[in-house]
Amino acid sequence: MKTKRLMILVSLLAMFAACSRNDSHVDFPSRSAETAFRAKYPGASSVEWESAGVFQKVEFVLNSTDYEAWYSVSGVWLQTEYALAYTDVPLAVREYITNNINYPIGSWKPQRSAEVLERLNYPLWYEVELKNGNEEVSIWADAEAYGHYTVTEDLDRDELPRSINNFLASKYTNSWVTEGVELSDGSYVVNLLDGNEVKQVHFNPLSEWTYTGWPVSVADLPAAVQTVLGGEAYKDYSVKSVEFQQYPNEGYYHIILENTSLPGSRTIWVNIDSQGNIH
């Protein structure tokens with residue numbers, strides 16, 4: 001009789017453990033993800049993991065600041081978000097906000113805290129929220145304010161238009177949306193984890209897909225593209241960044257070049273497909 005009761009108790013404990021493992025809020029990270037996380041953030045405390053599709057998200061505290069990071073199950077770090085004081089935002093971003101004629105600084109006040117978005121192979125981006133009474137917008141910009149968006153609405157995965165979610169589910173089967181935004185012109189940008197890559201998916205105001213972009217290293221550019229960049233037209237320029245942009249009917253490398261030999265560091269861009277054709 002005691003043996004039977006013991007077997008029942010063991011079975012109940014096993015069922016409880018199985019349920020715990022299936023609760024997304026108590027999932028343990030993969031060994032690879034946890035090892036990569038500890039190597040990148042050795043001083044992290046208050047660590048909590050959860051699964052999101054085929055990815056793993058970890059929330060933690062570092063230097064008294066709340067962080068959120070994403071890893072693939074294989075241990076590839078993909079993205080981190082955290083807050084910092086507005087006064088610590090790069091000067092170029094603060095100057096862009098101060099001189100923004102659409103949201104004059106006299107009426108629109110930047111909040112004391114800003115968000116930092118750090119992604120695999122991307123430059124750092126900063127989110128600064130501006131308020132004017134009950135109205136608010138967010139300015140997204142890279143450290144030099146060369147790239148920037150005006151965001152009128154932050155959207156969770158479930159808040160995106162249905163057609164956008166349907167498109168993402170069909171084209172990027174095992175992806176995960178970390179953030180979506182609606183821009184001031186009514187278009188949408190979705191930050192996406194896709195395998196071991198971070199992608200940015202763009203949609204027009206009708207929620208129709210326009211293109212998807214992701215960063216590419218100079219070393220990974222096709223030989224034909226490198227030949228064009230090494231030609232006479234660009235001999236005074238160095239590559240600042242490269243993004244592959246995939247459109248419905250074509251794709252090319254969007255390359256930002258900088259001439260550091262001239263005052264003001266003149267910056268230009270060029271689109272080149274994998275065969276070396278300029279678009």
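**Entry 1: charges over rings.** I began with Lys240, which lies over the face of Tyr146 at 5.4 Å from the ring centre. Here a charge sits over a ring if NZ of Lys or CZ of Arg is within 6 Å of the ring centre and within 35 degrees of the ring normal. I also found Arg157 over the face of Trp176, 4.5 Å from the ring centre.

**Entry 2: ground rules.** I am reading a predicted model, where local features need pLDDT of at least 70, side-chain atom pairs count only at pLDDT 80 or more, and totals for chains, interfaces and linings use all residues. Residues are numbered from 1 along each chain as its sequence is written, and side-chain values use heavy atoms, with hydrogens and water left out.

**Entry 3: ring pairs.** I counted rings of Phe, Tyr and Trp (its six-membered ring) as paired if their centres lie within 6.5 Å, with planes under 30 degrees apart stacked, over 60 edge-to-face and the rest tilted. That rule gives 18 aromatic pairs. Phe244 and Tyr253 are edge-to-face because their ring centres are 4.9 Å apart and their planes stand at 65 degrees. I then checked burial (buried is under 20% relative accessible area, exposed over 50%, partly exposed in between; 1.4 Å probe, protein chains only). Phe244 is buried at 13%, and Tyr253 is buried at 11%. Elsewhere, ring pairs link Phe37, Tyr41, Trp49, Phe60, Tyr67, Tyr71 and Tyr82 into a cluster.
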